Amino acid sequence: MFRLARYFSLTSLVTILIITGLLAFFYRELAIRDLLATGERHNVALTRALANALWPKFSPFLTSTEQLNDDAMRNHPKTAEIHKFLAQAVKGLSVLKIKIYDMKGRTVFSSEAKQIGENKSKNAGFLAARAGMAASEITHRDKFSAFEQVIEDRDLISSYIPVRVDGAEGPIEGVFELYYDVTELMDSMAQTQRTVIAGVVGLLALLYVILYLIVRHADRVMKRQNDELAAANRRLEGLLEEVSALYATMSPLDSADTITEMLGSVVERLLPATGADAALIRLRDMANGGFIYTGQRGFPESFLEEAKNKPADSAVETVFQSGEPIIAPDIAIDSRVKGKLQLDAGFLSCAFLPLKVRNEVRAIIHLASTKKGYFQESQRDRLMAMAHQMGIAIENRELFEEVRAAKDTLENVNRKLDQQTVELQRSNAELEQFAYVASHDLQEPLRIITSYSQSLEKDNTCQLSDDAKEDLHFIIDAAKRMRRLIEDLLAYSRIGSRGNPFQPADVNTLLQNSLNSLALAIEDSNAVVTHDNLPTITCDSGQIEQLLQNLVGNAIKYRNGQAPKIHISCQRRDKSWLFRVQDNGIGIAPEFAEQIFVIFQRLHTREEFPGTGIGLAVCKKIVERHDGKIWVESQPSNGSTFCFSIPG
Ligand code: ADP
């Protein structure tokens with residue numbers, strides 16, 4: 001609470017008192033100093049005048065009184081003469097007493113006779129005057145013996161003044177002491193002082209009144225502002241409470257299992273959050289066209305039953321359609337609330353708020369109060385903020401559910417994939433084992449067939465017809481092909497299961513070994529094989545050698561009627577080595593680029609190009625065992641480039 005005016009009055013009073021006291025003090029000090037200076041000037045001038053008139057005549061007497069005792073001095077005719085002279089000279093002036101001292105400080109004359117002879121040699125005033133300076137002071141005397149008579153209650157300026165002969169600079173011959181009556185001057189000074197102080201106090205009082213009015217006004221303004229601030233604070237606190245209540249309303253949303261349960265628990269919190277007497281959340285019943293209540297508090301059963309059967313309740317429907325709230329301070333006179341079912345249930349004021357999720361009105365929050373005017377248009381923003389908050393909570397919840405469902409699906413897929421991978425690995429291993437065993441076991445009978453057929457062919461003792469000889473030739477040829485096929489199959493099945501551990505190997509050497517194995521084919525075809533300087537990589541060296549041999553071998557085999565030109569290069573790419581085996585052969589159509597790496601897939605007949613269709617499948621398996629990739633870049637009749645990457 002402000003008490004500015006009171007503080008101001010108090011401090012002003014103290015200030016005025018201090019100013020008045022100081023003023024009185026300093027004014028008096030200055031005035032007295034002035035008076036003293038004026039009095040002294042007056043006394044000096046008078047002394048000069050008196051001395052000028054007196055000294056020539058009486059100085060012989062006044063300067064040679066050492067032989068006379070005090071009484072002799074008092075009774076000396078010269079003393080009477082001086083007295084008479086001085087009394088005459090100061091008649092009508094305010095000079096009350098005159099004393100004359102010789103240079104030793106003896107009072108050689110005083111208008112008060114009994115003081116004649118007194119020794120003033122130690123008196124400070126006398127000493128100053130003897131040294132050439134006038135010395136004055138103001139005193140007050142209750143009783144004072146003046147020239148004429150004894151007077152009472154007087155203010156006096158007494159001055160010790162040196163008496164000089166021969167003008168202002170002449171030698172000092174004595175000291176005058178003059179008592180100048182300033183009682184009237186002092187009175188008039190006191191009078192002026194009073195007037196000045198009264199004037200100043202009056203002015204200060206006026207100033208005080210003006211300032212007081214200003215301060216009082218400021219005090220009132222501040223008080224009003226303070227009140228407004230307090231009211232704003234109260235409003236803020238109220239809002240804070242509402243916001244806290246709002247968050248409390250939302251808090252159960254986290255723990256609810258379904259959105260319907262979530263809305264049900266929100267209804268519980270709506271009453272304390274909004275101060276409503278009843279709350280209800282209605283969802284649209286898609287099947288029957290009416291409404292489903294997800295939760296309610298405070299509405300009587302009869303109302304709920306009737307409201308459910310009247311889905312066309314205008315207000316709810318309008319809010320669903322428009323997405324804008326309806327706030328009815330007085331249901332009785334509000335044309336937007338047509339059914340008036342609420343009035344029958346005892347509610348006088350209500351609010352219908354759209355609950356939007358992802359920009360679509362999903363439900364209506366219905367709040368009702370038994371107090372008329374409880375819900376006002378001014379609360380619109382706040383109520384909508386609450387509905388908005390609920391919408392966000394539901395949206396988050398839905399998103400969370402979607403993410404959870406997606407995560408579940410992903411986990412299921414992953415699980416299945418893992419199972420399939422294990423299954424695949426197992427069946428691959430079985431297949432490899434089967435292929436290995438089968439091809440190994442097939443070799444023996446095949447060898448027998450071949451060797452017996454060959455010895456039959458060479459044996460001249462048995463008379464074979466030409467047809468039989470031709471058939472025998474076919475058998476031998478087929479057996480050879482089968483042997484080739486079995487060897488290739490064996491090589492293929494060995495890659496995964498019978499590989500060697502990875503070790504650093506110089507690819508230049510591996511390539512050279514492959515080329516040695518292909519020496520015959522290279523010579524026959526006049527092939528020119530060139531290569532870059534190739535790196536050292538960590539690998540199964542036997543397999544990489546096999547890989548290069550297959551690729552270079554194919555590049556020679558699938559030539560284009562001209563001498564093959566083959567170049568092997570290598571580049572660094574990210575964290576792996578990219579090898580390229582480039583030829584000038586028949587090329588491959590892009591649509592077969594994937595197919596050729598599948599086992600037994602051939603693009604040509606045996607008559608065109610011999611082969612088993614296993615070579616590239618072996619290459620792919622070797623590269624994949626090294627965590628790399630293999631592909632072909634080619635156009636028909638434009639040569640092919642087989643690329644493979646090996647990490648390292
Ligand atoms: P094969 O050579 O025994 O038929 P591969 O698996 O080595 O089996 O090759 C599969 C197919 O890919 C071949 O039939 C051939 O059509 C094609 N092919 C392979 N290498 C080349 C190449 N350098 N140029 C053109 N075609 C090729």
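1. A pocket, on a 1 Å grid over the protein atoms alone, is an open set of points with protein on both sides within 12 Å along at least five of seven lines, and its lining residues have an atom within 4 Å of a point. By this criterion, the second largest pocket is lined by 25 residues, and Asn428, Glu432, Tyr492, Ile599 and Lys621 are those nearest its centre.

2. The model is predicted, so that local features need pLDDT of at least 70 and side-chain atom pairs count only at pLDDT 80 or more, while totals for chains, interfaces and linings use all residues. Residues are numbered from 1 along each chain as its sequence is written, and side-chain values use heavy atoms, with hydrogens and water left out.

3. The second largest pocket holds about 640 Å³ of space (a volume is the space filled by probe spheres set on the grid points, which are joined across faces, edges and corners). Helix H10 (380-458), H11 and H15 each contribute at least two residues to its lining (helices are DSSP runs of H or I with at least four residues, strands are runs of E with at least two, and both are numbered from the N terminus). By class, this lining comprises 15 nonpolar, 4 polar and 6 charged residues (Ala, Val, Leu, Ile, Met, Phe, Trp, Tyr, Cys and Pro count as nonpolar, Asp, Glu, Lys and Arg as charged, and the others, Gly among them, as polar).

4. The largest pocket contains about 1,200 Å³ of space. Its lining numbers 47 residues, with Asn554, Lys557, Tyr558, Pro610 and Gly611 closest to the centre. Helix H11 (466-497), helix H13 (519-525), H14, H15 and E17 each give two or more residues to this lining, and H14 provides the largest share, 9 residues. The lining divides into 22 nonpolar, 16 polar and 9 charged residues.

5. The ligand sits in the largest pocket (more than half of its atoms lie within 2 Å of the pocket's grid points). Helix H14 (541-557), helix H15 (615-625) and strand E17 (640-647) are the elements that give two or more residues to the shell around the ligand, and H14 gives the most, with 3 residues.

6. The ligand is surrounded by 21 residues (a residue is near if one of its heavy atoms lies within 4 Å), the closest being Tyr558, Arg602, Thr612, Gly613 and Leu616. This shell has 9 nonpolar, 9 polar and 3 charged residues.

7. A side-chain N or O atom of Asn554 is 2.9 Å from a ligand oxygen, and the corresponding distance for the side chain of His604 is 3.4 Å. A backbone N or O atom of Thr612 lies 2.9 Å from an oxygen atom of the ligand.

How values were computed: Polar contact = N/O pair within 3.5 Å; in protein donor to acceptor, adjacent residues only side chain to side chain. 1 Å grid on protein atoms, 1.4 Å probe; cavity = no way out; pocket = protein on both sides within 12 Å on 5 of 7 lines; lining within 4 Å.
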